[in-house]
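Welcome! Here is a short briefing to read alongside the sequence and the 3D view. Take a moment to look at both before going on.

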Amino acid sequence: MRPPRFNPDRGKLRRRVYLWAHKNKRFIHRSIRDLLQFNSKFIDYLYDDVKFRLYTIDNYTDRALVNRGRYKEQVEIEWLRAHFKGRTIVFVDIGANSGMYSLLVGRDLAPDSRILAVEPNPIMRARLETNVWLNKLKNVDVLGCAIADMRGQMRLLFPKPKNFGEATLHTEMGRDAEGVDVPVIPLLELMRDENAPSFDMLKIDVEGFEDRALAPFLESAPDHVLPEVMVIEHAHKRFWNTDLHECCERRGYKRAFENRENWIMTLDGLG
């Protein structure tokens, strides 16, 4: 069944009410505020000519876009768009969430590029598929698995019910949280399964599990498979058992960009 028709005018009204409720949250009873913020109802939002269906009640990334009018990772996205503009590439987006990187970066790629959007959370995966459908994108493959150091199943945990984007496979980060079992696969095996002998760009944001997802790939991948650019979230690196920055440097990567949450690593420091 197709999702409801995209309506940015309705989205503008909902956003105004949402922002009013958010601004006055100290003075509004929580139950009324949640009602004003539409609970699980969506806000249709046209951002940089890309259509997004946003759910502010349970996804921080969506909430931040509505609150600020821009993504907090806009600098990284603009860097990637400028670097790959017009090129035909393969992009692997690990922890794709609602599609911020896949859709915004993908917009400026050549039409015959391929995007593998990896999102194991079944709720977020359905929302991502809706955003892909709304933008009529034919080159985005949404994959319902997680990247790990083994093939099998693991428990995806939800430590923060109001932020599905913080789902994690890391048992310490998600301690005592509810979760769902999801299929997991090493990155090299995923590439073989998806008939992608190499790729050019990788983004990984998996809430403290980045080292277990990426280090095995960096240790064993042939040189010709290594992506030209990697965006790595390091905000939860205190949970890592492996120093990913050191792993990247051993394979010839240098840091082209850094902020409090992300690194952009490029082969030979290209930028």
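Which residues lie nearest the centre of the largest pocket? They are Asn97, Gly165, Glu166, Asp205 and Glu207. Please keep in mind that this is a predicted model. The protein chain has 271 residues, and 55% of them count as buried.

**The overall fold**

- The secondary structure of the protein chain comes to nine helices and twelve strands.
- Take the contacts between residues at least 6 apart in sequence: 68% of these join residues at least 24 apart.

**The largest pocket**

- This pocket holds about 600 Å³ of space, and 39 residues line it.
- The element that gives the most to the lining is H3, with four residues.
- Sorted by class, the lining has 19 nonpolar, eight polar and twelve charged residues.

**The nonpolar cores**

- In the largest nonpolar core there are 47 residues. Those with the most contacts inside this core are Leu187, Leu214, Phe217, Leu218 and Ile232.
- Helix H8, which covers residues 210–220, gives the most to this core, with five residues.
- What does Leu187 touch, once its neighbours within four places in sequence are left aside? Leu187 is in contact with Val92, Ile94, Ile147, Ala148, Phe199, Leu202, Leu214 and Phe217.
- There is also a second, separate core of 32 residues, and among its members are Ile77, Trp79, Leu109 and Met201.

- Strand S1 (residues 43–47) and strand S2 run antiparallel and are joined by five bridges.
- Why is strand S2 (residues 50–54) described as largely enclosed by the rest of the structure? The reason is that four of its five residues are buried, where buried means under 20% relative accessible area.

How values were computed. Residues numbered from 1 in each chain as written. Predicted model: local features only at pLDDT ≥ 70, side-chain atom pairs only at ≥ 80, totals over all residues. Heavy atoms only, no water. 1 Å grid on protein atoms, 1.4 Å probe; cavity = no way out; pocket = protein on both sides within 12 Å on 5 of 7 lines; lining within 4 Å. Points joined across faces, edges and corners; volume = space filled by probe spheres on them. Helix = DSSP H or I, 4+ residues; strand = E, 2+ residues; numbered from the N terminus. Nonpolar A, V, L, I, M, F, W, Y, C, P; charged D, E, K, R; others polar. Core = buried A, V, L, I, M, F, W, Y, C linked by side-chain atoms within 4.5 Å. Buried < 20%, exposed > 50% of the residue type's maximum accessible area, 1.4 Å probe, protein only. Contact = heavy atoms within 4.5 Å. Pairing = 2+ DSSP bridges.
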